[in-house]
Amino acid sequence: MVVAISFIEAPLKFRAPGITIPLGLGIGRLVFRALNVAEAVLALTALLAVILGGATPAVLGLTIAVAAILLVQIAVVRPPLSRRTDRALAGEELPRSKAHFGYVALEVGKVVCLLILGVLVVSL
């Protein structure tokens with residue numbers, strides 16, 4: 001989900017014919033809200049599974065890292081991005097956002113952790 005939405009859908013939607021910045025931002029807001037809800041449910045489920053299932057310390061640590069990254073994205077990074085989106089949707093002309101770089105960096109970290117976690121779980 002993270003790769004599909006963050007690294008494929010998000011940048012491509014702004015290249016689609018007829019998509020304006022406000023329209024793309026509105027779509028992005030809905031898509032990322034849904035993605036974050038799905039991620040939060042999956043993160044809680046995974047945390048419960050590794051805690052109750054007696055996972056190895058590496059699996060537990062990576063699962064906690066993924067959940068922590070998600071928490072930072074939702075609680076720290078998304079609110080200022082949402083306020084910026086509100087301003088853009090209200091018609092304010094804004095320069096390109098540098099705050100997105102932080103979100104993207106966290107997404108990269110999350111994907112790396114998930115890949116390593118997947119390899120660890122499959123190799124058990």
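A crossing of two helices is called left-handed if the near helix is turned anticlockwise from the far one by less than a right angle, and right-handed if clockwise. Keep that in mind for the helix pairs below.

## What you're looking at

This is a predicted model, where local features need pLDDT of at least 70, side-chain atom pairs count only at pLDDT 80 or more, and totals for chains, interfaces and linings use all residues. Residues are numbered from 1 along each chain as its sequence is written, and side-chain values use heavy atoms, with hydrogens and water left out.

The chain has 4 helices and 0 strands; both are DSSP runs numbered from the N terminus (helices are H or I, at least four residues; strands are E, at least two). Start at the N terminus and you read α-α-α-α. Along the principal axes, the C-alpha atoms fill a box of roughly 50 × 25 × 20 Å.

## How the helices pair up

Two packed helices are described by the angle and the distance between their axes. Here, axes are lines fitted to C-alpha atoms (for helices, over the stretch in contact), and angles run from 0 to 180 degrees between N-to-C directions. Angles under 35 degrees count as roughly parallel, over 145 as roughly antiparallel, 65 to 115 as roughly perpendicular and the rest as oblique.

Take α1 (residues 2-13) and α2 (residues 21-52): their axes come within 11 Å and cross at roughly 180°. That makes the two roughly antiparallel. On the α1 side, Val-2, Ile-5, Ser-6, Glu-9, Ala-10 and Lys-13 meet Gly-24, Ile-27, Gly-28, Val-31, Phe-32, Leu-35 and Glu-39 of α2, where contact means heavy atoms within 4.5 Å. This contact has 7 nonpolar, 3 polar and 3 charged residues. For these classes, Ala, Val, Leu, Ile, Met, Phe, Trp, Tyr, Cys and Pro count as nonpolar, Asp, Glu, Lys and Arg as charged, and the others, Gly among them, as polar.

Next along, the axes of α2 and α3 come within 10 Å and cross at roughly 160°, so these helices are roughly antiparallel to each other. α2 passes α3 in a left-handed crossing, and their contact divides into 17 nonpolar, 5 polar and 5 charged residues.

Then there's α3 (residues 57-89) with α4 (residues 99-123), whose axes come within 9 Å and cross at roughly 160°. These two are therefore roughly antiparallel as well. α3 passes α4 in a left-handed crossing, and the contact has 19 nonpolar, 4 polar and 3 charged residues.

## The pockets

On a 1 Å grid over the protein atoms alone, a pocket is an open set of points where a 1.4 Å probe fits, with protein on both sides within 12 Å along at least five of seven lines; lining residues have an atom within 4 Å of a point. Grid points are joined across faces, edges and corners, and a volume is the space filled by probe spheres set on the points.

The largest pocket has a volume of about 1200 Å³. Its lining has 33 residues, with Phe-14, Leu-25, Arg-96, Ser-97 and His-100 nearest the centre. α2 gives the most, 7 residues, and by class the lining has 15 nonpolar, 8 polar and 10 charged residues.

The second largest pocket comes in at about 310 Å³. Of its 17 lining residues, Glu-39, Leu-42, Ala-43, Val-66 and Leu-114 lie nearest the centre. α1, α2, α3 and α4 each supply at least two residues here, but the largest share, 6 residues, comes from α4. This lining has 13 nonpolar, 2 polar and 2 charged residues.
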